[in-house]
Amino acid sequence: MDLPKQLNDKFSIGEYSDGIHADDLENLKTGEYGYRYRLLENVVMPPYITPEKYQFSRTIQTRDSDICYTSYPKSGSTWLAYILVLIVNNGEIPACKDTLRNSLHWVASSWTYPRSQAELEATPSPRIFKSHMPYQMALGGDPIKNPCKYIYIARNPKDVAVSYYYFEREKSWSGYYSGPWDHWLKIFMEGNVQRGSWFDHVLSWWQHRDADNILFLRYEDLKANFKQELRKIMTFLGYEQHDDMITKIAEKTTFENMQKDNFSNMHEIKEFHSFFRKGKVRSWKEQFEEDQCLAFNEFYEKKNERHWTQFDLG
Ligand code: PPS
């Protein structure tokens, strides 16, 4: 949607509005407790992932220097984003950029990171793209037929479910969803939240984890052994690893630093004030009741029966 610049600046940066960012309004749906979404390729998506932007994201010509970081929501992708921006800028914040958001491109979204085709083409390499798509809806079409490098980050689904609940509750882009935690957990397990099923999403990328241009990471590994995971990312991207740069990136990307640093804390987006919530492993224990935990574990085992490695749910 082409908006007059003033309007675009005013609304696209700080505030989400269906009228400005959703497009194709007649196909927006409202679920229980006011939850807003649209369906794309039969997957539940946020209203600001418009059909037009989604098509644009699928057909964009990627370069072999492009990096696309991808995740199910609330899995540590912003943390990964800052790591990537620092890697490609020798461990420093890029001099010409004021925020992390402005150092990245989110092609499928009409809100928070709007970019035109012309802007993308004019962007020097390496370009860094954000995506929250499952494999079959990835940026640039089928990843294994694409020159771009994709880094997927996954997180314990129990922590994701809790983090996502607090992110979606009473927010404009979720239709001010007002459901209680047990309702949220139910729709999360059913795959009826924006981005669809966590299980299907993670599995879609996990199945391609051995492709040369795909790196599969876990939030918990970054927490447990940051420098080792950072070296893994740098090796994958073909960057030399100097100890001082590793140390610099480790220091700048701690939860505490990202939360207080105006470059990374997304203070410019109105409803993101609690974005840096806990940043911990297993904080789900403060939220799940015992019966919810048992039901989740059982459901997870069933979903996983014929598939992949066990994610540590503990
Ligand atoms: S989003 O909105 O989907 O892009 O969210 P995403 O960035 O993927 O995930 C947000 C959660 O990641 C936590 N976070 C961090 N954890 C550890 N270290 C650092 N540096 C960091 N930065 C962000 C953030 O706090 C969210 O998790 P919760 O559990 O809600 O705190």
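The shell around the ligand has six nonpolar, 10 polar and four charged residues. Here Ala, Val, Leu, Ile, Met, Phe, Trp, Tyr, Cys and Pro count as nonpolar, Asp, Glu, Lys and Arg as charged, and the others, Gly among them, as polar. The model is predicted: local features need pLDDT of at least 70 and side-chain atom pairs count only at pLDDT 80 or more, while totals for chains, interfaces and linings use all residues. Residues are numbered from 1 along each chain as its sequence is written.

Of the 20 residues around the ligand, those that come nearest are Pro73, Ser77, Thr78, Ser163 and Gly279; a residue is near a molecule if its C-beta atom, placed from the backbone, lies within 6 Å of it. At least two residues of the shell come from each of α4 (77–88), α6 (157–168) and α12 (255–260). Helices (H or I, at least four residues) and strands (E, at least two) are DSSP runs, numbered from the N terminus.

Two open sheets are set out below. Strands pair if DSSP finds at least two bridges between them.

| β5-β4-β6-β7 | parallel | β5 (128–131) and β7 (214–218) |

In the parallel sheet of four strands, the twist averages 20° from one strand to the next. Strand β4 (residues 67–71) is joined to strand β6 (residues 149–154) by five bridges, and Tyr69 has Ile151 in β6 as its bridge partner. Helix α4 packs on this sheet, where it touches β4, β5 and β6, and its direction makes about 165° with that of β4. Such angles run from 0 to 180 degrees between N-to-C directions, and axes are lines fitted to C-alpha atoms, for helices over the stretch in contact.

In the antiparallel sheet, β1 pairs with strand β2 (residues 36–40) over two bridges. Arg36 in β2 is the bridge partner of Thr30.

Helix α6 also packs with helix α7 (residues 181–190), at an angle of about 120° and with the axes 10 Å apart. The two helices are therefore oblique to each other, as angles under 35 degrees count as roughly parallel, over 145 as roughly antiparallel, 65 to 115 as roughly perpendicular and the rest as oblique. In their contact, Ala161, Tyr164 and Tyr165 of α6 meet Trp181, Trp184, Leu185 and Phe188 of α7; residues are in contact if their C-beta atoms, placed from the backbone, lie within 7 Å. By class, the residues of this contact are seven nonpolar, no polar and no charged.

How values were computed:
Two residues are in contact if their C-beta atoms, placed from the backbone, lie within 7 Å.
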